[in-house]
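Here are my comments on the model you sent. They are set out as numbered points and can be read against the coordinates.

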Amino acid sequence: MKTTPILLMLVLGLGATTAMAAVEDTDGDGVYSMEELKAAYPEITDEAFEEADLNADGAIDAEELAAAEAAGLLTAS
Ligand SMILES: [Ca+2]
Ligand SMILES: [Ca+2]
C-alpha cells in the first residue's frame, strides 16, 4: 500500500497545527500520564496537564485528551 506512508506523513506534518498528535498509552493503563503526553507534546506544562485533567484524578483519559486538544491546551504555540 502506498497510501499509508503518505497519510502518516500528512498527519505528522500537520500535527503541530491541527492538534492531532498521537498520544500513546505506552504503559497500557487506559489513561494518559504526564510522561505519555510529553512524548507527543514535549512542551506541555504542569498547568496545562492539571487543566486538562478535568476530574482531577491525576491522569488524562481519552475524553479529557480530546477536550484538551480541542481547547488548544496541548498545542505548542
Ligand atoms: Ca498510560
Ligand atoms: Ca482525569
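This is a predicted model: local features need pLDDT of at least 70, side-chain atom pairs count only at pLDDT 80 or more; totals for chains, interfaces and linings use all residues.

1. Valine 31 counts as partly exposed because it has 16 C-beta neighbours inside 10 Å. This residue sits in the loop that joins H1 and H2. Leaving aside neighbours within four places in sequence, valine 31 is in contact with Ala59, Ile60 and Asp61. The C-alpha atoms of valine 31 and glutamate 64 are 9.6 Å apart, although 33 residues separate the two along the chain.

2. The average pLDDT is 84, and 70% of the residues score at least 70. Residues 14-19 have a pLDDT below 50; beyond near neighbours in sequence, this stretch makes eight contacts in the model. Those contacts should be read with the pLDDT below 50 in mind.

3. The chain has four helices and zero strands. Read from the N terminus, the order of elements is α-α-α-α. Of the 77 residues in the chain, 17% are buried. Among contacts with a separation of 6 or more, 35% join residues 24 or more positions apart.

4. Which residues make up the largest nonpolar core? There are twelve: Val23, Tyr32, Leu37, Tyr41, Ile44, Phe49, Ala52, Ile60, Leu65, Ala68, Leu73 and Leu74. Helix H3 (46-52) and helix H4 (62-70) each contribute at least two residues to this core. Alanine 68 belongs to the core, and its contacts, leaving aside neighbours within four places in sequence, are Ala52, Ile60, Leu73 and Leu74.

5. The buried residues of H4 are Glu64, Leu65 and Ala68. Seen down the helix axis, they fall within an arc of 100°, so they line one face of H4. An α-helix has 3.6 residues a turn, so residues three or four places apart point the same way. On the other side of H4, Ala62, Glu63 and Ala70 are exposed. H3 is part of what covers the buried residues of H4.

6. Two backbone angles deserve a look. Alanine 56 has a positive phi of about 55° although it is not a glycine. Most residues other than glycine have a negative phi. Alanine 56 lies in the loop between H3 and H4, and it counts as exposed because it has 7 C-beta neighbours inside 10 Å.

7. Is threonine 26 buried or exposed? It counts as exposed, because 11 C-beta neighbours lie inside 10 Å and the cut-off for exposed is 12 or fewer. Threonine 26 is in the loop between helix H1 (3-18) and helix H2 (34-40). From threonine 26 to alanine 39 the sequence separation is 13 residues, and the C-alpha to C-alpha distance is 9.8 Å.

8. Threonine 45 lies in the loop between H2 and H3. Threonine 45 is exposed because it has 12 other C-beta atoms within 10 Å, and 12 or fewer is the cut-off. Its C-alpha atom is 9.3 Å from that of leucine 73, which is 28 residues away along the chain.

Terms used. Residues are numbered from 1 along each chain as its sequence is written. Chains are lettered from A and ligands numbered from 1 in the order in which they are written. A nonpolar core is a set of buried Ala, Val, Leu, Ile, Met, Phe, Trp, Tyr and Cys residues joined through C-beta atoms within 7 Å. A residue is buried if 20 or more other C-beta atoms lie within 10 Å of its own, exposed if 12 or fewer, and partly exposed in between; C-beta atoms are placed from the backbone. Two residues are in contact if their C-beta atoms, placed from the backbone, lie within 7 Å. pLDDT is the predictor's confidence in each residue, from 0 to 100. The arc is that of the directions from the helix axis to the C-beta atoms.
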